[in-house]
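Hello,

Here is the structure I promised to pass on to you. Please have a look at it first, and then read my notes below.

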Amino acid sequence: ALLTSTRAFQRLDHIRQLGGCSVVYPSATHTRREHSLGVCYVAGLIARRLSLFVNLTDDDILCVQIAALLHDIGHGPFSHLFESFVNDNICSGWCHEKMGIQIVEYLLNSEHIRESIGHHFQGDYATQCIFIKRLILGLHKIEDVPSETGRNATKRCLFSVVHCNDSGIDADRLDYLQRDNAAVFGASNAFDLKRIVSSMVVVNGRLVFDERASNQIFELF
């Protein structure tokens, strides 16, 4: 509740998820704040599913949910339209992920937030903060789990929950595809979310899917 009450997070309530799409689709007025709350929920579902295969701690799950909640906090006005404008006219290479990491660092290092949420962690707070930032960015396919996150290769799957560079199926995409479809087209069941989450398994530390859910995954793409 403390993180969602910050000005940095509350401003997402004034940023539409689909930028200027509401000009064409009048119902496409849902916000980045709604989406962020949804991603946090889906990430929690995925983390609990993965806990069936990997010995996850309360710290692991809490970090995943915080990363999901804050993953879009770097978005500017009109979402991706603003990102393109900045890249073309102001600063090449700028992206909301890089901006978001800076904001996350500021939030998590602020004294009142550190004091308020720090006691919820069993492990070192600074290490959890590093882990949260890496969860937002994800890992490249050939990248090893950074030791400074306090996790080893057995928990690599956690780096695919919020931002997955392997299959591309993550909490972020699972939320916005359903949310965008509902807002724009009125589709209440774009794909079977629960079926896809329940098909997630961990093999050699990586998040993969049971082939019996291939039809549902095909529908998603």
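**Pockets**

Helix H8 gives the largest share of the lining of the largest pocket, three residues. Helices here (H or I, at least four residues) and strands (E, at least two) are DSSP runs, numbered from the N terminus. Before you go further: this is a predicted model, where local features need pLDDT of at least 70 and side-chain atom pairs count only at pLDDT 80 or more, while totals for chains, interfaces and linings use all residues. Residues are numbered from 1 along each chain as its sequence is written, and side-chain values use heavy atoms, with hydrogens and water left out.

Back to the largest pocket, whose volume is about 290 Å³. A pocket is found on a 1 Å grid over the protein atoms alone, as an open set of points where a 1.4 Å probe fits, with protein on both sides within 12 Å along at least five of seven lines; lining residues have an atom within 4 Å of a point. Grid points are joined across faces, edges and corners, and the volume is the space filled by probe spheres set on the points. The lining is made of 22 residues, with Arg32, His75, His80, His96 and Asp172 nearest the centre. At least two lining residues come from each of H2 (32–50), H4 (80–89), H5 (96–109) and H8. By class, there are seven nonpolar, 10 polar and five charged residues (Ala, Val, Leu, Ile, Met, Phe, Trp, Tyr, Cys and Pro count as nonpolar, Asp, Glu, Lys and Arg as charged, and the others, Gly among them, as polar).

The second largest pocket holds about 240 Å³ of space. Of its 13 lining residues, Ala1, Leu3, Leu62, Ile66 and Leu69 lie nearest the centre. Helices H2 and H3 (58–70) are the elements that give two or more residues to this lining, and H3 has the largest share with four. The lining of this second largest pocket has 10 nonpolar, three polar and no charged residues.

**Salt bridges**

The structure has nine salt bridges (a side-chain nitrogen of Lys or Arg within 4 Å of a carboxyl oxygen of Asp or Glu). Asp72 and Arg32 form one of them, at 2.7 Å from N to O. Asp72 is in the loop between H3 and H4 and Arg32 in H2, so this pair ties together parts 40 residues apart in sequence. Asp72 is buried at 3% relative accessibility, and Arg32 is buried at 4% (buried means under 20% relative accessible area, exposed over 50%, partly exposed in between, with a 1.4 Å probe and protein chains only).

Asp166 and Arg206 also meet in a salt bridge, at 3.4 Å from N to O. This pair links the loop between H7 and H8 with strand E2 (residues 206–209), 40 residues apart. Asp166 is partly exposed at 26%, as is Arg206 at 29%. A network of salt bridges links Asp60, Arg151 and Lys155.

**Aromatic rings**

There are three aromatic pairs (rings of Phe, Tyr and Trp, its six-membered ring, with centres within 6.5 Å; planes under 30 degrees apart count as stacked, over 60 as edge-to-face and the rest as tilted). Among them, Phe131 and Phe159 are edge-to-face, with 5.4 Å between centres and 75 degrees between planes. Phe131 belongs to H7 (residues 125–137) and Phe159 to the loop between H7 and H8 (171–185), 28 residues apart. Phe131 is buried at 0% relative accessible area, and Phe159 is buried at 1%. The charged end of Arg151 sits over the ring of Phe131, 3.9 Å from its centre (CZ of Arg or NZ of Lys within 6 Å of the ring centre and within 35 degrees of the ring normal).

Best wishes
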